[in-house]
Structures are given as C-alpha cells and as structure tokens.
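This report covers one protein model, its confidence, a pocket and a core. Look at the structure before reading on.

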Amino acid sequence: MKITFSILSLFVCALSAHAGDFEYRGYMRTPTGSNSEGGKQIQIVNPGSQGNEFRLGNEVAYGEAYFTEQFLKRAQPSDSFFNANLTIGYAPSMNSQYSDTTATGDFIQILEAYAKGGNLDDLKMSFWAGKRFYRDVDVHMDDFFYFANMSGDGGGVEDIPVGNGTLAVAVLQYTDDRTLTKTTTGNPAKHALDVRWRDIVLSDNNHLHLWAAAAYTGPGTGTSTTIMPPATVGALINYQASNGEAVGARLRHKMVQGDNDFAVMYGTGVMESFNLDNTAIAADDSVKNRKRLRIVENYSKELSDRWAIEAAAIYEATDSGLSANSKSNWTSIGARPMYYISEHFRIQAEAGYSIVNNQAEVDPQGNGYGQRTLERLTISPEVAFGKGYYARPVVRFYVTATHWNDANKDANNSNSLIGKMNRQTTDPIYS
C-alpha cells in the first residue's frame, strides 16, 4: 500500500473587483505540501477517470483572471447589452520564488476572448463569437464538467425563448495541430453543430436541460507524431472522413439551499468523448465504431446550520471501436461533508473510490492486468470569509491519504498509475 500526505497547504480563490463598466473577477489556488516520502506533493489520479476525482488535497496551482468590458450594460435581464470578455489562465510551478518555470508548467494562456450582445432592437436573443467556455454544470468535488462541455472556438445564438425554456445554437471548431505533421489538407479539424434547450420548466422544482451535437472531421494524410494504434510514431496515416453525434439530458431537482442533478449522455464516432477538443482521427476506420455512455448523479445541499454536503456517483462505459479488447468502464463514488464550527471556521472531509477496467490493458502474453482502483480520504480544517459550502476565499490545511491497488502499481502496464508516472521520469522512482 502507498499512502501520500499533503500538509501545510494554502488555498485561496474567487476574488473580484468592479470599476464602472469594466469588471474583473479572479480565481486561484495555491497548494503547498509534501508527500510521505519527503518530496513535493503530486497530483494523483486513476488513469482512465475524468476530471480530477476527489480533488480536495489533490490539486495543482492554477489561476484564472476574467475581464469584461460592458459597452452596453443592462440593469435588468431583459435590457439590451453588449460586452467583450477576456480570460487568462495561469499555472505556476510553485517550486521557487523566482525563475519558477518547468517544461510542463508556468504557462500563461488566453482561455477566452469573445464578444456577446443581446436583446437588441427588440429581439429576445443574444449573439456571441470567439473563444469561450461553452459548458454546462460540473461535479465540483471532481472538477468535472460532465455535461455539454464544448468549450472552444466558434459562435452562436443563445437565449431564444422556446416553450418554457430557452434555445441555444452554436457552430464550433477544434483544430488538432499536434497529432500529425505534413498533412495534405491542413491540420485536421472537428466541425460541430451544437443545440441546447435549456431550463425547460417541468415544475417549480424540476428543470430539464437537453443537449445534442453533431460533428464532422474531414479525410486526409499526414505523418503521425504520436502512437495511433496500430500505427507508430512517424508512420504515414491515411485518415478517413468521420462523423458522430452526442445526446444528453440533465434533470435538476431544486431544493431549499441545494439541488440534485441527474444526467444521462450517449455519444458516437467523433463525438464519443462528449467534448470539442478531440478530432478523433485514427489510422484505421475504428472512429466510426466508437461509443460512450455516461451517467452522473450529483447532490449538493446545506443540510442544516451546521452541516453541508456534496456527493457524486459516476459511471461510464466506452467502446474504442477497435476489433478486439475495445471495452472499458469507469465507476466513481465520493462525498464531501462539511461541518461549520462557526461562521468563519469549519472542517470538511472527502472520501472517494474509483474503479477503471480497460480490456485493452494486457501484458505481452495477452492476459489482462485487471481492474485498477484508487481510494482517497482527506481531512481539511478551514478558515473562510463567510459561511457556505462554496464560500470563497478560504485558507485550508489538509491531510490526504491515497491508496491504489496492485494493478495500478504494475509498472509494466503503461496505462496504470505507476506506469504513467514512470513514463514522465528518467528512472522508475515511483512504486
């Protein structure tokens, strides 16, 4: 068994300031800690899972700064508006005060750059174009935007009144500039049409959200820069035209000081991942056979003056489209209860269990490595500016214990937790 502890950690997020029609908001987290072996804390996930399962005590430093210029500012939701938005992301390495750079960290990127306007000339709708977060809700404790996450480049129309909900239609594109070189048709691109019918009122406490997306990737030829089974790095890849669809439904049940989300999603082909940022090209015709089913249950509520909780259960079943060993599944269950000692002091815990079983993970003799598991328990006293499960900023101290099974320790399996860690180092230092 391997246990890691993260100690002496600081977590601060969600700062904001306003000046006239220019608005600024920020988010940041700055963890500092060590593991039980005496080294710097590292982020540990169960490979094959999504997001960052059981993220309390298992995060890297990260920040975002949001800037909005209100060219036409509305006083009421029905008023005309027009704004420009810029979001900058920053991931410091947190190694030293100065010269804090690494090959994989300390980056600054433009995450959003778009304009949006609406309710213009008595048209009850809004228009946008550019690069933006185009996504629905997340499982907060897993940092997992599981429903309709098509963030990227594009444009569309939103907030169109349809029935007792609103309709949104967008055209989006993702360009893959890393998988292939010397391509015959330019960098492979996924082109997607996204349709959302939001906030359909079934009753006062029950709202339904529906999503559908269809995408297309054109054919071409190029030299592979990554391993694309059955092709290797440097191989000539002839990829076919591919398409795919995704559909999903999310039901939100509203409660006093809380809500419950239940979602079901199904995707095929180039939309099997439920995301925009995946061109889904292959050296064979397996893309058209890809499938994924995702089911998510997420509960969050202030239970009383003293207690709050978030809990989530996730299940995914995936078919890679390959002719053999194509099936995999992921199951995750976790909870984060919080106890309020006073308005500013509280303590929370998080516990979770993750299982990944992938038929494609086999040894040289063709025997499967078996399902890989990960368990985590975190205890975290906190100081917050106010009361509430999502109240930020907060300073927290946490101790985290993570355990993974023998299948996840097998360094011969490049997809195991230890196998992936060792691929990032010169020598196999993890066990």
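## Terms and basis

Ala, Val, Leu, Ile, Met, Phe, Trp, Tyr, Cys and Pro count as nonpolar, Asp, Glu, Lys and Arg as charged, and the others, Gly among them, as polar.

The model is predicted: local features need pLDDT of at least 70, side-chain atom pairs count only at pLDDT 80 or more, and totals for chains, interfaces and linings use all residues. Residues are numbered from 1 along each chain as its sequence is written, and side-chain values use heavy atoms, with hydrogens and water left out.

## Confidence

pLDDT is the predictor's confidence in each residue, from 0 to 100. The protein chain averages 90, and 93% of the residues score at least 70. Residues 1-18 have a pLDDT below 50; beyond near neighbours in sequence, this stretch has 78 contacts in the model (contact means heavy atoms within 4.5 Å). Where pLDDT is low, the predicted coordinates should not be read in detail.

## The second largest pocket

A pocket is an open set of points on a 1 Å grid over the protein atoms alone, where a 1.4 Å probe fits, with protein on both sides within 12 Å along at least five of seven lines; lining residues have an atom within 4 Å of a point.

The second largest pocket is lined by 41 residues, and Pro229, Arg290, Arg292, Ser320 and Asn358 lie nearest its centre. Its lining comprises twelve nonpolar, 17 polar and twelve charged residues.
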